[in-house]
Amino acid sequence: MSFRTRLFVAILSAILVPLILVAFGIRHEMERRLSAEYQQRVQALAAIMQSDLVRESRTVADRLDALTAVLSNDNQFRLATQGDQAARRQLFDYAGDAMRLTGLSMLQLEDSAGRILSSGHFRNAFDQLEPELPALLAAIHDSTALIRVSTPDIPILALARLKSFQVGGRAFALIGGVAMDSATVRSLARDPSLSVELVLPGDKQAPSAASVSAPSEAVVREFSLPYLDLVDGTALRADTARIVVTQSLATLQSLRHSVDLWFVVALGLASVLAVPGAILLSRRISRPLQELAAKTAAIDLDRLDQEFVTDRTDEIGTLSTGLDAMTTRLRSGMQRLREAERRATVGDLSRQINHDIKNGLIPIRNVVRHLSDVARTEPATLPTVFGERVGTLDSSIEYLDTLARNYAKLSPDLGRQPSDLNRVITDLVREIGSERVESRLEKNLPTVRADPVVLRRILENLIGNAVESLETKSRVESRESRDTLGSVSVSTELNLSSGEHPATVRVTVADTGKGMTKAELDRAFDDFYTTKETGTGLGLSIVRRLIMDLGGSLRVETEPGKGTTMRVELPTA
């Protein structure tokens with residue numbers, strides 16, 4: 001088979017096979033989802049019907065509660081229960097009047113012996129014994145049942161409840177309910193596509209969920225109600241009535257046939273169009289070009305493993321050779337670039353570690369120098385001074401230990417917990433021990449959400465830069481007295497929320513040092529830029545990165561010869 005023929009068959013198959021698979025997949029998925037949706041829908045509607053019946057039962061219960069409340073306080077009813085004949089004659093019509101007032105379809109009043117004192121739906125039941133009915137209703141959950149009772153015309157079905165109460169130390173039972181005729185049952189179906197049927201014991205069996213042979217015929221759900229028959233004349237016993245909800249899937253069947261028809265039409269039309277299209281494409285496209293295009297599309301800087309080796313000598317072979325040479329050069333260049341990046345990364349990390357360790361060693365060096373001076377001038381006070389400064393040593397050692405643990409994970413650990421900013425500043429100023437550094441801290445300052453070690457790194461860099469700025473200025477202006485060499489102030493304040501901006505804590509580090517020019521300020525936060533002879537150029541770069549990681553902001557105000565002010569705002573915890 002020639003290349004053109006193989007390409008023609010491949011193109012034709014590529015068009016028709018996916019179309020067939022998509023059509024069958026759509027049909028199957030549509031049938032599955034719609035069938036499941038029908039099942040869920042009928043289940044949900046059946047649950048709604050049950051809730052409607054529960055709500056109707058509660059309405060009956062509320063009406064019975066109102067009637068029992070009236071009877072409990074009715075002196076005429078109390079006299080009737082004690083044998084008063086006039087009151088007893090009035091009690092004869094009580095149930096009928098109350099039934100009409102409350103909208104009930106059945107209502108009868110019985111004493112503790114089961115004797116009917118008043119019946120609204122059938123007056124001739126007066127003074128008859130029916131002790132089984134209250135007992136059976138009391139045994140049913142929620143005292144609700146479907147009851148078939150006699151009326152002067154025809155028997156009716158009623159959704160009835162039992163309400164027991166006491167008057168004058170005697171127990172009575174009030175049984176009432178609303179009619180459940182065929183129209184009421186049909187009204188339970190809120191969707192015209194549903195069919196609802198009430199099946200009583202002994203009736204012809206309606207279809208049930210277990211009797212449906214296939215889900216394509218119908219979707220059936222049912223639920224039951226306790227049932228009592230007071231008309232058939234047999235011994236009264238509890239039975240079960242069923243409410244059957246049915247939905248036909250004829251709509252789904254019709255939709256399935258329509259999809260099949262359109263699929264056949266689409267397949268035929270696609271076949272008519274695909275054959276000449278495949279012939280045209282097979283004449284213009286060749287497999288080597290497809291392979292080259294696929295390999296070229298797969299090339300990127302992270303995947304240079306494609307090879308274009310070929311033994312062809314025509315134009316396609318020349319193109320393949322050129323592409324193979326290009327990928328070889330790219331692989332070589334990427335190896336050199338990655339090695340350079342690796343070395344640069346290691347160098348940057350080394351400089352940052354060196355910078356942070358130097359900051360941690362400064363308090364230790366100051367304490368050691370202080371202890372050496374005391375040992376030389378006032379050796380007797382050395383234990384006392386050591387006790388005062390040992391906290392600084394412990395804090396600095398803990399800081400360096402935390403740095404070591406963080407760098408062991410190759411990235412600083414930005415633990416977020418409420419931190420006392422004033423305490424960090426107080427400890428840091430005490431460790432620096434310079435009379436030029438003063439602090440003005442706002443009382444009752446809220447905590448910030450940050451790692452204390454990160455806060456210390458930020459403030460240590462800012463305060464350290466401010467002190468070094470004073471020392472640089474003092475060397476330039478060496479003829480001035482010590483008192484005029486300037487100072488560094490560290491202050492905190494609460495910046496209350498306004499509009500869309502939440503509350504923040506502001507830290508201001510201000511010095512009266514040499515300041516910065518505009519050119520120096522523009523590059524102050526660049527990595528490895530420094531104006532110091534022994535600086536690494538990482539201090540302010542690290543500060544800015546840490547502040548951004550904490551969700552804060554940094555502003556700088558500076559003027560050559562007058563000093564610099566750094567304002568850091570951090571969100572409150």
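I looked up W262 and found it exposed, at 62% relative accessibility (exposed is over 50%, buried under 20%, partly exposed in between, with a 1.4 Å probe and protein chains only). The model is predicted: local features need pLDDT of at least 70, side-chain atom pairs pLDDT 80 or more, while totals for chains, interfaces and linings use all residues. I count residues from 1 along each chain as its sequence is written, and side-chain values use heavy atoms, without hydrogens and water.

I placed W262 in helix α7, residues 250-284 (helices are DSSP runs of H or I, at least four residues; strands are runs of E, at least two). With L261 and V265, W262 makes a nonpolar surface patch of about 370 Å².

Next I checked the rings. I found five aromatic pairs (centres within 6.5 Å; planes under 30 degrees apart are stacked, over 60 edge-to-face, the rest tilted). F77 and F172 are edge-to-face, at 5.2 Å between centres and 65° between planes. This pair links helix α2 (residues 75-81) to strand β5 (residues 170-179), 95 residues apart. F77 is buried at 3%, and F172 is buried at 4%.

I then took F92 and F126. Their centres are 4.9 Å apart and their planes at 75°, so this pair is edge-to-face. F92 sits in helix α3 and F126 in the loop between β2 and α5, so the pair ties together parts 34 residues apart in sequence. F92 is partly exposed at 26%; F126 is partly exposed at 24%.

Last entry: F77, F165 and F172 form one aromatic cluster.

Methods:
Patch = residues over 30% accessible without salt bridge, like charges linked within 9 Å, V, L, I, M, F, W, Y side chains within 5 Å. Areas by Shrake-Rupley, 256 points an atom, 1.4 Å probe, with all protein chains shown as cover. Salt bridge = Lys/Arg side-chain N within 4 Å of Asp/Glu carboxyl O. Phe/Tyr/Trp six-rings, centres within 6.5 Å; stacked < 30°, edge-to-face > 60°.
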